Amino acid sequence: MDADELDWNRTLREQWEFHWNHQIRARLDGLTDDEYFWSPVPDAWSVRPRGSSTAPVQVGAGDFTIDYAFPQPVPAAFTTVAWRLGHVIVGVLAARNAAHFGAPAVSYETWEYAPSAATALDQLEAQLDVWLAGVRGLGQAGLRVPVGAKEPFPELPMADLVLHIHRELIHHLSEVCLLRDLYLHMKSATNGATR
């Protein structure tokens, strides 16, 4: 097959859709609030009820805020499932959906962070739906269009942004799955269970 005949848009979408459908989605089923907020180390960044954080910066529009610091600490703060999902939902997806696909404007400061695992997963799926519909709508030609001033490297084509976002999703949601595994094993160990 000639590379010019390949449906690159479909190929890019399928890269993420396959990973989501066969590796990530089922691993998120049953995420509990205990897992969502669990911190395996002291002072991990998380999503917390407004006013309860000790992080240098807490932002968000609703009853819950997400922890941050400027500049970033060295080493980087450990982050909970809640924080990682908040980052993916807002910084990876919602901000790009707003910048490129006509979704409402959003920022870490204006987002209403999920107070529960179920709400976070609903937010994630809603933003993924917007993202994939937006990518689909680019067609072949739209993948070649520069991303523009809304991104750090405005001259790069949209295809590069799509690949970057998919890498971010794969990376951060795999971290969420690893934290779930750690939670399960830590809880099993403290309950005297053996494997």
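A nonpolar core is a set of buried Ala, Val, Leu, Ile, Met, Phe, Trp, Tyr and Cys residues joined through side-chain atoms within 4.5 Å. With that idea in hand, let's look inside this predicted model. Its largest nonpolar core has 49 residues, its largest pocket holds about 210 Å³ of space, and a search of the whole structure turns up one cavity of 30 Å³ or more.

**The nonpolar core**

- Within the largest core, the residues with the most contacts are Tyr-36, Leu-85, Leu-93, Leu-124 and Leu-173.
- At least two residues of this core come from each of α1 (8-28), β3 (64-68), α3, α4 and α5 (158-190).

**The cavity**

- The largest cavity has a volume of about 30 Å³.
- Its lining is made up of Tyr-36, Ala-82, Leu-85, Gly-86, Ile-89, Trp-111, Tyr-113, Ala-114, Ala-120 and Gln-123.
- Sorted by class, the cavity lining has eight nonpolar residues, two polar ones and no charged ones.

**The pocket**

- Around the largest pocket you will find Arg-96, Val-147, Glu-151, Pro-152, Phe-153, Leu-156, Pro-157, Asp-160, Leu-161, His-164 and Arg-167.
- Helix α5 provides the largest share of this lining, with four residues.
- The pocket lining has six nonpolar, one polar and four charged residues.

**Aromatic rings**

- The structure holds 10 aromatic pairs.
- One of them joins Tyr-36 and Phe-37 edge-to-face, with 4.6 Å from centre to centre and 70° between the planes.
- Tyr-36 counts as buried because its relative accessible area is 2%, under the 20% cut-off.
- Phe-37 has a relative accessible area of 30%, so Phe-37 is partly exposed.
- Trp-38 and Tyr-183 also form an edge-to-face pair, with 5.3 Å between centres and 75° between planes.
- This second pair links distant parts of the chain, 145 residues apart: Trp-38 sits in the loop between α2 (33-37) and β1 (47-49), and Tyr-183 in helix α5.
- Trp-38 is buried at 16% relative accessibility, and Tyr-183 is buried at 13%.
- Trp-45, Tyr-68, Phe-70, Trp-83 and Tyr-108 gather into one aromatic cluster.

Key. Residues are numbered from 1 along each chain as its sequence is written. This is a predicted model: local features need pLDDT of at least 70, side-chain atom pairs count only at pLDDT 80 or more; totals for chains, interfaces and linings use all residues. Side-chain values use heavy atoms; hydrogens and water are left out. On a 1 Å grid over the protein atoms alone, a cavity is a set of points where a 1.4 Å probe fits but cannot get out, and a pocket is an open set with protein on both sides within 12 Å along at least five of seven lines; lining residues have an atom within 4 Å of a point. Grid points are joined across faces, edges and corners, and a volume is the space filled by probe spheres set on the points. Ala, Val, Leu, Ile, Met, Phe, Trp, Tyr, Cys and Pro count as nonpolar, Asp, Glu, Lys and Arg as charged, and the others, Gly among them, as polar. Buried means under 20% relative accessible area, exposed over 50%, partly exposed in between (1.4 Å probe, protein chains only). Rings of Phe, Tyr and Trp (its six-membered ring) pair if their centres lie within 6.5 Å; planes under 30 degrees apart count as stacked, over 60 as edge-to-face and the rest as tilted.
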